[in-house]
Amino acid sequence: MSADTEATSASRFDRFFEITKRGSTVSREIRGGVVTFFTMAYIVVLNPLILAGGIDADGQKLPITALAAGTALVAGVITILMGVVGRFPLALAAGLGVNALVAYEIAPEMTWADAMGLVVIEGVLILILVLTGLRTAVFKAVPTQLKTAIGVGIGLFLMIIGLVDAGFVHRIPDAANTTVPVELGLGGKLVTWPTFVFVIGLLFTLVLFVRKIKGAILIGILGTTVLAIIVEAVAKLGPAVLKPGGWSLNVPAIPDQIIDTPDLSLIGEFNVLDSWTTAGPLVVLMFVFTLLVTDFFDTMGTMVAVGQEGELLDSEGMPPRTKEILLVDSVAAVAGGAASVSSNTSYVESASGVGEGARTGVASLVTGALFLVAMFFAPLVKIVPFEAASTALVVVGFLMITTVRQIDWSDYTIAVPAFLTVTLMPFTYSISNGIGAGIITYVVLKVSTGRAREIHPLMYGIAALFVLYFARGPLESWIL
């Protein structure tokens, strides 16, 4: 290939992904994609553990190896699709929270194939909403300042995820006889080696970040992982599930086996019809509704947060190629159900890659490719512990809350909804809860102060939907 041909190809690649237009470079995209992968690679291990912990109506337990392979496969394919179609630095994988709902609430009412069929139905419904333009219209209807609050709330949510995953923050046991819900470390003290590794790694990453070292977040993750491997080799701590003071999930040790053949036996194990007769139409409709609302608004919040972090939002708070991004996210829900690994959705951890410089879909290509590689190199993925990956979440959380100054705190009709949005996300461990509380409060306060004309008509429907969402517990007990 001649030099001119290579230059033309490179130019086409650049134009297609808008690398230069968005102020990025290929090296930054690669670096960002790698960082995103490491901050969410835990899902290849965690999703199988959650799903295998549930039992369906037939008493079936799923094979962890097949779940791990399917989780990595779908995450890889869909994230690459996001890179090519959405051209946005957004990675997707099995949704946390949704997988627990599927494993512990939906599956026990039917077979696992039936439960996955419901996930497929939910994904198809979201896909229809995208194709009809309704999902994009809803996104545009949310006020810009409330979208800003969503990004800030997700920043705090990321931080608390990082602190909890690293063991820096723990839930106080019920036996402690106190109303305080969480504590520092164990017993109010930072007494474990993994927490020590996290603290040193976080300080190391912050120093690199403040000094504007290129690749600070990635260097921080890798450097902290090396420290973790050394600590484990000396102290022999093991996992926290076996003894207090161990590693949160992955034990950072060089594995005996590097390559493993992926087990794809669960692919295609879904049934879209039998659940309606097994569990009954009312149960099925309630489950589908819950899945739909969670997926619908979690993605909206994640898009805003990632776009905000990369300064990719327009004057209305919309990211580029919004419809295409939402289209891929909808396909992800269908793909997750079809592969028997639960609904896949956009991951807010993508903001860590954006914090490292990613601005385009090239980063998603890198992240997706690494997920596909992870199918074969699962033992290597397990080397990076939560305590190392969580450093990125805390740093990115800080970056995301800096936009809080864009909210007009003197106007209480927007300030109060923004406050509830920001605080309820980390405090309830749910993006959807924060968005729902903010939207309902926004509508109520605008109407009660005679400013109803400022409300987009769609916001009334969204608020009503969230009222049903929050009331689904009483509704389930009443209807069922």
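How much area do domain 1 and domain 2 bury between them, and what share of it lies on carbon and sulfur atoms? In this predicted model, the two domains bury about 2,300 Å² between them, and 81% of that area is on carbon and sulfur atoms. Leu 146, Phe 157 and Phe 297 supply 25% of the area that domain 1 buries against domain 2, which is more than any other three residues.

**Domain layout**

- The domain assignment of the chain places domain 1 at residues 17-404 and domain 2 at residues 408-471.
- The centres of domain 1 and domain 2, taken over C-alpha atoms, are separated by 25 Å.
- In the contact between the domains, 27 residues of domain 1 meet 25 residues of domain 2.

**Polar and charged interactions**

- The count of salt bridges between domain 1 and domain 2 is zero.
- Two residue pairs are in polar contact across the interface of domain 1 and domain 2, both at pLDDT 80 or more.

**The side of domain 1 that touches domain 2**

- Helix H7 (134-141), helix H8 (144-165) and helix H12 (281-309) each supply at least two residues to this side of domain 1.
- Of the elements that contribute to this side, H8 gives the most, with 12 residues.
- By class, the side of domain 1 that touches domain 2 comprises 21 nonpolar residues, five polar residues and one charged residue.

Note on methods. Residues numbered from 1 in each chain as written. Predicted model: local features only at pLDDT ≥ 70, side-chain atom pairs only at ≥ 80, totals over all residues. Heavy atoms only, no water. Domains from an automatic or database assignment. Contact = heavy atoms within 4.5 Å. Buried area = accessible area lost by both parts, 1.4 Å probe. Salt bridge = Lys/Arg side-chain N within 4 Å of Asp/Glu carboxyl O. Polar contact = N/O pair within 3.5 Å; in protein donor to acceptor, adjacent residues only side chain to side chain. Helix = DSSP H or I, 4+ residues; strand = E, 2+ residues; numbered from the N terminus. Nonpolar A, V, L, I, M, F, W, Y, C, P; charged D, E, K, R; others polar.
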